[in-house]
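Could you walk me through this structure, stop by stop? I have the viewer open and would like to know what to select next and what is there.

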Amino acid sequence: MATAVKEKEVFKMKDLNLWYGQNHALKNLNFSINKKEITSIIGPSGCGKSTFIKTLNLMIYSAGNVRMSGEILYHNKNLLDNKIDLVSLRKDVGMVFQKANPFPKSIYENVAYGPKIHGIKKKSELDDIVEESLINVALWDEVKDRLNAPALGLSGGQQQRLCIARALATKPEVLLMDEPTSALDPISTIKIEELALELKKDFTIVMVTHNMQQAARVSDETAFFLMGELIEKKDTDKLFANPSDKRTEDYITGRFG
Amino acid sequence: MNSRVTDKIATSIFVLFAAIMAGTLFALLGYILYHGFAVIDLDFLTSNSSSFREGGGIKNQLFNSFYVLFITMLFTVPLGIGGGIYMAEYAKPGKVTDFIRTCIEVLASLPSIVVGMFGLLVFVAWTGWGYTILSGALALTVFNLPVIVRVCEDAIRSVPRELKEASLALGVTHWHTIKTVLLPAAFPGILTGVILSAGRVFGEAAALLFTAGLTTPNLDFTNWNPFNIHSPLNIFRPAETLSVHIWKVNTQGIIPDVREVADGASAVLVISVLIFNLLARWLGSVIHKRMSGSK
């Protein structure tokens, strides 16, 4: 049943189709996402890039009225299998959203929230996870003296890094980023990009972006989506220097989108 | 007539309407408080009411009002929050949900006297309890529950969707997300709504006339055995609340100082409701500030 998945492939899509009611939003996607790389998904608004990234941790289900066919293999498990355990999947595949969405709790509680719920109770262990996660996102030095302060008092860029730390705290393998910098100023954006480059040593990152420069700066591979179809996906350098499809070329040279 | 003049006219009309509204409120409040303060003193608040002599107080009525309110809230708050969670998080859009929502709205708009008659049939006669605090509290629950369900549903729905997604994306189950993210974030809204509805319950008379009754047994405030008929805590005793008292002295009172007692009791009632409202606003803003981290 399941197709063989190569060692370095974390996700493998096989004829993935998705419908919102009658609207065919993703069409016959066949590609894979490699381990410890950054894969960017680019494309104009409404091309299905956000929809696609939400299928990887099945957050798409909260949209309601969604139907899918095909396979999404995460290692050897098909996510479209009914028996999939959402809790453990989402523990392994973390997500960062477009808008920073810290809980209205303290900085510490935000980061400790995931691990606590996944069963870690010891204070010292939680302390370590919080510190490690905040160090991972280069936020530790800025907040170590006020871990009990409300997270909503942080700046927008800090909040987004906190959200990344929160996702890292459950020790995932994959980090999904849905336009993580679209609401941030340029300096915070650069910080998040540097962070992504740092994090790919340990994590596999899938990033949706509408910013082509961003895709070019950070990602190893880039996939171009248009109207729910994957037009092409290859090494970022090659895609931008030498697109094989006319539509990709038109998009990256700014002729539409 | 040019558009600037039209604009000025429109502005003055709306200012006038606002002034009429505020003016009515202040005139009413001023009248009640002016007459009330002439009567209210410690003696008025702490002495028993009198049946025919002058100079009775409202001690028992005041206590009954708070006690009935407390018992009512004991029923409505858990039920209402549960219903609100169901409506906001579990009810699937569709015919059944629409039907439940219509029921809630109809229930919320039932005249309180009708709720009182229903209470008389069910909680007084059918149960065989007679006029009791419990019957009154249950009638008020019927009266208040839809409001609380509505308030809780709105409060939970107004929690940003992103927070819920953040929690679900961490692999947290739906119920746990409700418990640890949605309810705490909705708490200020729920609390404000509960306190405001408490003001409504506190002032309610019609629903209590036939359920909690028009009389109060002689209460002994040193007797805290809830099963004794003279204990204030007994929920199986009749209890005349403040607003019912106002109604009663005005319609059937034979005391010579009806006017004074009614004035004083009205003022106490209005002040209490005012305190509920101010408390709701204050608590709401304090909690909001604490959670959002703004100074």
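Here is a tour through pockets, cavities, aromatic rings and a few annotated stretches.

This is a predicted model, in which local features need pLDDT of at least 70, side-chain atom pairs count only at pLDDT 80 or more, and totals for chains, interfaces and linings use all residues; side-chain values use heavy atoms, with hydrogens and water left out. Residues are numbered from 1 along each chain as its sequence is written, while chains are lettered from A and ligands numbered from 1 in the order in which they are written.

**Stop 1: the largest pocket**

Select A:Ser62, B:Ala88, B:Glu89, B:Lys164 and B:His174, which lie nearest the centre of the largest pocket among its 30 lining residues. Its volume is about 730 Å³. Here a pocket is an open set of points on a 1 Å grid over the protein atoms alone, with protein on both sides within 12 Å along at least five of seven lines, and lining residues have an atom within 4 Å of a point. A volume is the space filled by probe spheres set on the points, which are joined across faces, edges and corners.

Now colour the elements that give two or more residues to this lining: α2 (86–92) of chain A, and α3 (59–90), α4 (95–108), α6 (133–157), α7 and α8 (174–202) of chain B. Helices are DSSP runs of H or I with at least four residues, strands are runs of E with at least two, and both are numbered from the N terminus. The largest share, four residues, comes from α3(B). By type, the pocket lining divides into 16 nonpolar, six polar and eight charged residues. In this scheme Ala, Val, Leu, Ile, Met, Phe, Trp, Tyr, Cys and Pro are nonpolar, Asp, Glu, Lys and Arg are charged, and the others, Gly among them, are polar.

**Stop 2: two cavities**

How many cavities of 30 Å³ or more does a search of the whole structure find? There are two; a cavity is a set of points where a 1.4 Å probe fits but cannot get out.

For the largest cavity, with a volume of about 50 Å³, select residues of both chains, including A:Met95, A:Cys163, A:Arg166, B:Ala166 and B:Leu170. β6 (93–96) and α6 (156–168) of chain A and α7 (161–169) of chain B each supply at least two lining residues, and the largest share, three residues, comes from α6(A). This lining has seven nonpolar, two polar and one charged residue.

The criterion is NZ of Lys or CZ of Arg within 6 Å of the ring centre and within 35 degrees of the ring normal. For another such arrangement, go to A:Arg67, which lies over the face of A:Trp19 at 4.5 Å from the ring centre.

The second largest cavity has a volume of about 40 Å³. Among its lining residues are B:Ser49, B:Arg53, B:His245 and B:Asp257, and the lining divides into two nonpolar, five polar and two charged residues.

**Stop 3: aromatic pairs**

Across all chains, the search finds 12 aromatic pairs. Rings of Phe, Tyr and Trp (its six-membered ring) pair if their centres lie within 6.5 Å; planes under 30 degrees apart count as stacked, over 60 as edge-to-face and the rest as tilted.

Select A:Phe31 and A:Phe225: their ring centres are 6.2 Å apart and their planes at 85°, so this pair is edge-to-face. A:Phe31 lies in strand β2 (residues 23–34) and A:Phe225 in strand β9 (residues 221–226) of chain A, so the pair ties together parts 194 residues apart in sequence. Both A:Phe31 and A:Phe225 are buried, meaning under 20% relative accessible area, with over 50% exposed and partly exposed in between (1.4 Å probe, protein chains only).

Next, pick A:Phe224 and A:Tyr251, with centres 4.9 Å apart and planes at 25°, so the pair is stacked. A:Phe224 in strand β9 and A:Tyr251 in helix α10 (residues 246–252) are 27 residues apart, and A:Phe224 and A:Tyr251 are both buried.

**Stop 4: chain B**

Select residues 265–284 of chain B, one of the stretches that an unreviewed UniProt entry lists as "transmembrane region"; such annotations may be inferred rather than shown by experiment, and positions follow the numbering used here, with feature names shortened. This stretch is 100% helix, and its end C-alpha atoms are 28 Å apart.

End at B:Thr46 in helix α2 (residues 42–46) of chain B. B:Thr46 is partly exposed, with a relative accessible area of 44%. The C-alpha atoms of B:Thr46 and B:Lys59 are separated by 4.7 Å, though 13 residues apart along the chain.
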